[in-house]
Amino acid sequence: MSEHLNGHIVSATGLSKRVGTAEGFLDILSGVNLEIKAGERVAIIGVSGSGKSTLLGLLAGLDSPTAGEVTLAGERLDKLDEDGRARVRAGRVGFVFQNFQLLPGLTALENVMLPLELAGVADAENSARGLLARVGLGERLSHYPRQLSGGEQQRVAMARAFAVNPAILFADEPTGNLDSATGARVIDLLFDLNREHRTTLVLVTHDESLAARCERHIHLDAGRIVKDH
Amino acid sequence: MRGPHHVRLAWRLLARDWRAGELRILAAALVIAVGAVTAIGFFSDRLNRAMTYQSADLLGADLRLTGAEPVPAEWIQSAADHGLRHVETLDFASVVVHGDKLQLASIKAAASGYPLRGTLRTAPALYAAETDTGDIPAPGTAWVEARILQALELAIGARIEIGSAAFTVTRVLTYEPGRGGSFFTMAPRVLMHRNDVAATAVVQPGSRVTYSYLFAGADTDLTRYQEWLKTRLGPHHRLFDVRDGGSSIGRALGRAERYLGLTSLLAVLLAGVAIAMGARRYSERHFDTAAMLRCFGATQRDLVRLFVPQFLLLGLVASAAGCALGWLTQEAVFYLLREVYPLRLPAAGLAPVAFGFFTGLLALAGFALPPLMRLRQVPPLRVIRREMAPLPPAAWLVYGSAAVAILILMWRFTGSLLLTAAVLAGSLAAAAVLAAFAGGLLVLSRRVHRRVGVAWRFGMNNLWRRTRTSIGQILAFGLVLMAMAVIALLRTDLLNTWQTQLPPDTPNHFAFNILPQDVAAMQGFFAQHRIPASDLYPMVRGRLTEINGSPVTQAVTKEEDGNEAIRRELNLTWTDTLPSDNRLVRGTWWNNPLPANPVSVEEKLAKKLGIEPGDELTFSIAGSERRARVASIRSVQWDSFHPNFYMIFPPGALDGLPATYLTSFHLAPEQKPLLTELVRAFPAVTVLEMDQVLAQVRTILAQVTAAVELVLLFVLAAGFAVLFAALSASLDERFHEGALLRTLGAGRRQLRAAHFAEFAVLGALAGVLAAIGTELIAWVLYTRAFELEYSFKWPVWILAPLLGGLLIGLAGYIGTRRVVSQSPLTVLREL
């Protein structure tokens, strides 16, 4: 795949996002340039409203930019429509969200099976069982999200994210809804899985200690990169 | 995603959603819609198979010729020459007597060999198992339908009298080929041997008798014989063959199917609303799933391929269940109608099932697709920003697709685009008026708002907050309650009112087939026993064939062709004085000098046929033609129960023709035993007891209305589906509200009372709407259609709101039970 040709799995050039509000236009992101190598662990850091989640959404192809270019896994996302971007994501991208985003009508096992079934994996159930056992929830397979604690729900979400063995994982404030002890255990698990699967990790957080576990830090302020180290 | 995975995944997701209870209301609504149309479909399909496409079994022959007189012997000889088998039957009405009990019966006298096609079925005793029976009653014996045994309190082996002859009842008649000839068979059947007719002395010249000739043979022989016969048939002859469709019964059936079908569409429409609401809720609850799937890389097309098969599958399963429900309902309808329509019917075909599936899938496409398609538009960014939702579907798309679905179904029942448009426009106008009424009631209910307790106030607030839904529900339940109230009035009040408004000594018995030589003796009988009786009128049977030289069939529209007065033989009479309950509308009574061959015509028939004074009418009477000129048009008060006639001639005009006499008389209850004496003294006379006829009418009315109510139950069920769908749509909000109120100190009992209040008020308002509608319809029916004095129907004003309030209040109470069963903390954490 082309991401291996130049070593970059994600790149953005002149990336901007402008939205209309009652008071006029608001620039959420302006002229962002960045490149992320395969296997890199990157933390995007900033205060609330700095544009972190918007940047993550654009890099993952969940939204389209007002201006600029985004390339994910060698594909120009800004040239594609929503369906085209979905095809790029399919089987390559994993997500972990602050609010877990488990489907309430499905059990833990069914939630993890879902992306596998969508990708047409033959033995979805066994893979899902294995992953849930790996995150320590082998005994909770038939539990619905509402029967699980916050930490457990986030572990299910991680099992789901790694189910398709993605090339890149986007995590949006994964500990935002958890207490610090639970959060720490969840993060340990996230980084363990990341190592095992050799996944590129793009982590959005305002938590400096969490960011410290990544080797690269991109600081955002008012929609611009102020520091990249 | 690849093909088979979609279907498997769709199936799994559907199973999961089903377990989670997401789709139950939607599926129930679909079952109701399909059940309603297939019940009607099965019902009419079976009747159509039995009636319109008359099979040889139902005709009792391949060809049947009927007439008011015996046919010339050469016709029968010719049938034999054409290689056809033949058998003859005689049908007439007569009173059957056992001890001091009487029952008017429809008697068939059959010759050996009857029936030529199909078989009679009989049972050895009442309620015993029936068997095929190859012969007919031996001379001196009779087979009777169960109703005769019940009415006369007979057992097998008992003796009955018909006219001057006595018969031993040997079997119970359970099925007879050819009975399909008359749709609602009023009088029960007695089957006897053709050779016994003379001994009864019932059949005399001028008596009302139908001679039937049944033929069977090879197709080509039948066709050649039919050709031969056609040139010889007189106006009073009728020829039926197995291909004979489009009979008046077929047309009546077509109309019934159309009306019932349109009623069932009301159920489809309401169910459609519930489906749309259910699909909308389903769609909204799956926004997160759709967003998540988009994140995993699903395209818009993938989503369609995932969600549409789920609905397709649901549609197929629910349609199958709906077809089963429709079939069961139709069985129940025929069970209710078993006395009105005793014929055993052929099983229904597959067409109603196909239409049921078509309806189910069309309703889904029309009502569920627009909200479902929103799932394609869910932005994947919703996983980060939950407030992001797709735009609601355009109003034109939502209403447009629903309207197209309903129009297609409506067109199926009306069979004409014009009628469909008319029905649609009429329904829309009626719905608009009723919705305005419902809205008005809602506004009025606000007036009492401040005078009720806090729970009721809170409940009623909920109604006003969701004005549109509330109006829709008041409308739906109001319509159902109204239909039921009107039916209840028809069944009980209308007949009672009519009966009580008749003068006390209105004749309650008719006697006909009185022989000319018996007239004086009969008058003597009435005088001797002080029985008030009308005059005796002579009666000659004849058929109106031409008006001013043009055949009558050209003067009537297709709809009116079914009118018995035109199709069948008319009773013609003569008298010199205008009967007391007749009034001249136009022209003059017999003037001196009389115009040549005058006749006086009844007003309504004249209007229907466009007959004016001075027109020349041609009648076919006893095989010869008679011309007469219209001298006057009369109005007739038919419910006076005096003998009345469409055509009156002056004395002498019908001399030389076979005539019998007709009269009516009033018998007080204590004089009833005289009836047996009368029948024994005049064996040829046929007596019709109006109280028995009325009892029969009541039974038929009760059974037919029960069948219609069964269809209405679908509409009611669809109304409940809308109620529960609306409830389900507002359930999250109610959970939230309930939890908040409880944290503020509201008790569970108060909340439950508020929920009951909300739905009870909704039901009561629907009841008031129903009462308004019922009052209006009843007024039109009583004063316009039946010309009765009208009285205010106050019980409806009490019962409809009370029943509506209780029924819907209870349903709402049950539907919202869960709202207070969970702890406020759980609810607030989950939301």
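**Where the chains meet.** I started with the two chains of this predicted model and looked up who touches whom: 23 residues of chain A are in contact with 24 of chain B. Which elements of chain A supply at least two residues each to the side touching chain B? I noted α2, α3 (82-89), β6 and α4 (108-118). Then I sorted the residues on that side of chain A by kind and got 9 nonpolar, 6 polar and 8 charged.

**The sheet.** Next I followed the strands of chain A. Six of them (6 strands) make an open sheet, and I read the order as β6-β7-β8-β3-β9-β10, with mixed pairing.

**One pair up close.** I picked β3 (residues 41-45) and β9 (residues 216-221) of chain A, which run parallel and pair over 4 bridges. Going down to residues, I found Ile44(A) opposite Ile218(A) in β9(A).

**Back to α2.** This helix, residues 52-59 of chain A, lies across β3, β7 (168-172), β8 (200-205) and β9 of chain A. Against β8(A) I have it running at about 155 degrees. It's also one of the elements on the side that touches chain B.

For chain A I wrote down a mean pLDDT of 87, with 97% of residues at 70 or more. Residues 1-5 of chain A are below 50, and I noted that this stretch has 9 contacts in the model beyond near neighbours in sequence.

Technical notes:
Residues are numbered from 1 along each chain as its sequence is written. Chains are lettered from A and ligands numbered from 1 in the order in which they are written. This is a predicted model: local features need pLDDT of at least 70, side-chain atom pairs count only at pLDDT 80 or more; totals for chains, interfaces and linings use all residues. Two strands pair if DSSP finds at least two bridges between them. Two residues are in contact if their C-beta atoms, placed from the backbone, lie within 7 Å. Axes are lines fitted to C-alpha atoms, for helices over the stretch in contact, and angles run from 0 to 180 degrees between N-to-C directions. Ala, Val, Leu, Ile, Met, Phe, Trp, Tyr, Cys and Pro count as nonpolar, Asp, Glu, Lys and Arg as charged, and the others, Gly among them, as polar. pLDDT is the predictor's confidence in each residue, from 0 to 100.
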